[in-house]
Structures are given as C-alpha cells and as structure tokens.
Amino acid sequence: MPHAVPIGVVTISDRASRGEYADLGGPAIELCLGRILATPWRPERRLVPDEREQIEAALRGLADLDGCPLIVTTGGTGPAPRDVTPEATEAVCDRLLPGFGELMRAVSLRSVPTAILSRQMAGTRGHSLIVNLPGKPAAIAECLEAVFPAIPYCIDLLGGPRLETNPDACIAFRPKAG
Ligand SMILES: Nc1ncnc2c1ncn2[C@@H]1O[C@H](COP(=O)(O)OP(=O)(O)OP(=O)(O)O)[C@@H](O)[C@H]1O
Ligand SMILES: Nc1nc2c(c(=O)[nH]1)N[C@H]1C(S)=C(S)[C@@H](COP(=O)(O)O)O[C@H]1N2
C-alpha cells in the first residue's frame, strides 16, 4: 500500500527482544489501530531491549527517516532500574504532552491500582506524536482507546496527514473553527 500512513509500533522489552517470549505488545497495538483507523496505514515495527540509546535511535528513525506521524511504544515505563522509555521519549521530544499520561493512568486505575507505577508519557518530535503505553499487553487497548479521540486533531496541528477513524471504535474530536 504505497499511500498508507506509516505508524511506528515499538516494543521495548528485554525478554521479547532476546526471543525469550513472543512479543504480544506490538501485535496488540496493531490490532487496536486496525479497529480504530479508517485511513489506510501500515506498521513500521521495531523491537528493542530496555536500552535508552536503542530506544532513542528507534524513535528518531521512525520520526525523521520513516516520517511516522504517530509512534506508539509499549513497555519500559515503570519504576524498575531498566525501565527507561520515558527518559528516552523525553530526550527525543521537542515538547511533552502531559495530558496523555494523566488520562491513561486515570483510566488504567479503574482496572489496577498499580497503574500509578507507569510513568508513560507523550510528546512531539517535529511532525510526529510519540505515545508510551505500559508493557502489559492487556493495558494496550485500554490506554490507546482512551487517548485516541484526541490524536487525529493533534496530528492535524503538527502538520501531519488527516487521520479518519471508524466511528464504532473511536470518534475523533476536532474542535470546530470559530
Ligand atoms: N512485549 C511483550 N510481550 C508479551 N508480554 C509482555 C511484553 N512486555 C511485557 N510483557 C509482560 O508484561 C509484564 C510486565 O511488563 P514489563 O515491561 O514490566 O516487563 P519486564 O518485567 O521489564 O520484562 P521485559 O523487559 O523482559 O519484557 C512482563 O513481565 C511480561 O509478562
Ligand atoms: N491499564 C494498565 N496499566 C498498567 C498496568 C496494567 O496491567 N494495566 N500495569 C501497571 C504496572 S504493574 C506497571 S509496573 C506499570 C509499568 O509497566 P511497564 O514497565 O511494563 O511499562 O504500568 C502499569 N500500568
């Protein structure tokens, strides 16, 4: 699909990257995006260990070389010493969007009290929006569905492609002019 919008799907996991378990996070992101997006898109997949330099390199490449208007990560957002996804995200972003993390934690807190352990965040790098999700595959749809209504308009504001959604899965909110 030559005109499909590239979307970065980044799994950050020591064990999945070593092949010790199958990556369930990347496929869960793709399944969720497939339900939500009406605009043709294609995943740009990356699987990296919890190493800050490798995460930053993946995010920079997806934003600057692959031209992804949206990059979604899973894993490495907690308080463990090797969890460095938020640090890597902050390092590559021009600006942070704290509302994403606030909303995702609030929604997740309805399911698990440990939701407050995630330092997941979002920010912009040039024309790209980067959104962190926790590593638990079950967290992915819960978090992504919560914030997605604001994502198409955010990408409009960043000068990216117009993303349309399937209204049965997600109603994108675009404030009316004036
Ligand atoms: N990509 C993944 N695929 C399948 N399961 C995952 C994945 N990432 C995390 N998990 C599961 O969610 C749990 C919590 O995720 P977390 O990101 O804290 O992993 P972790 O304990 O740091 O280990 P690792 O980095 O090796 O995945 C993991 O212990 C694992 O059971
Ligand atoms: N929706 C949701 N959010 C969640 C969880 C979950 O199971 N569901 N797990 C929490 C836990 S136990 C941790 S440690 C943090 C960080 O997870 P990560 O290091 O895998 O990103 O996410 C939290 N957020």
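View 1. A122 stands opposite V131 in strand β6. This is a predicted model, in which local features need pLDDT of at least 70, side-chain atom pairs count only at pLDDT 80 or more, and totals for chains, interfaces and linings use all residues. Residues are numbered from 1 along each chain as its sequence is written, while chains are lettered from A and ligands numbered from 1 in the order in which they are written. Helices (H or I, at least four residues) and strands (E, at least two) are DSSP runs, numbered from the N terminus. Strand β5 (residues 122-125) pairs with β6 in the antiparallel sense over 4 bridges; strands count as paired if DSSP finds at least two bridges between them. In the hairpin that β5 and β6 form, 2 residues lie between the strands, and G126 takes a positive phi near 55°.

**View 2. Strand β6, covered on both faces.** Let's look at the other neighbour of β6: strand β3 (residues 70-74) runs parallel to β6, joined by 5 bridges. Here I71 stands opposite I130. Is β6 buried or exposed? Of its 6 residues (128-133), 6 are buried, so the strand is largely enclosed by the rest of the structure. (Buried means that 20 or more other C-beta atoms lie within 10 Å of a residue's own, exposed means 12 or fewer, and partly exposed is in between; C-beta atoms are placed from the backbone.) On one side you can find S128, I130 and N132, and on the other L129, V131 and L133.

View 3. In helix α5 (residues 98-108), the buried residues are F100, G101, M104 and S108. Seen down the helix axis, they fall within an arc of 90° (taken from the directions from the axis to the C-beta atoms), so they line one face of α5. They pack against β5, β6 and α6, where contact means C-beta atoms, placed from the backbone, within 7 Å. Turned away from that buried side are the exposed residues P98, G99 and A106.

**View 4. The surroundings of ligand 2.** Now for a ligand: 19 residues surround ligand 2, and the closest are T77, G78, S108, G135 and A139. A residue counts as near if its C-beta atom, placed from the backbone, lies within 6 Å. Helix α6 (residues 137-147) gives the largest share of this shell, 4 residues.

**View 5. The surroundings of ligand 1.** Around ligand 1 there are 17 residues, with S13, D14, R15, G25 and G135 the closest. Helix α1 (residues 14-17) supplies the largest share, 3 residues.

Conventions
Contact = placed C-beta atoms within 7 Å.
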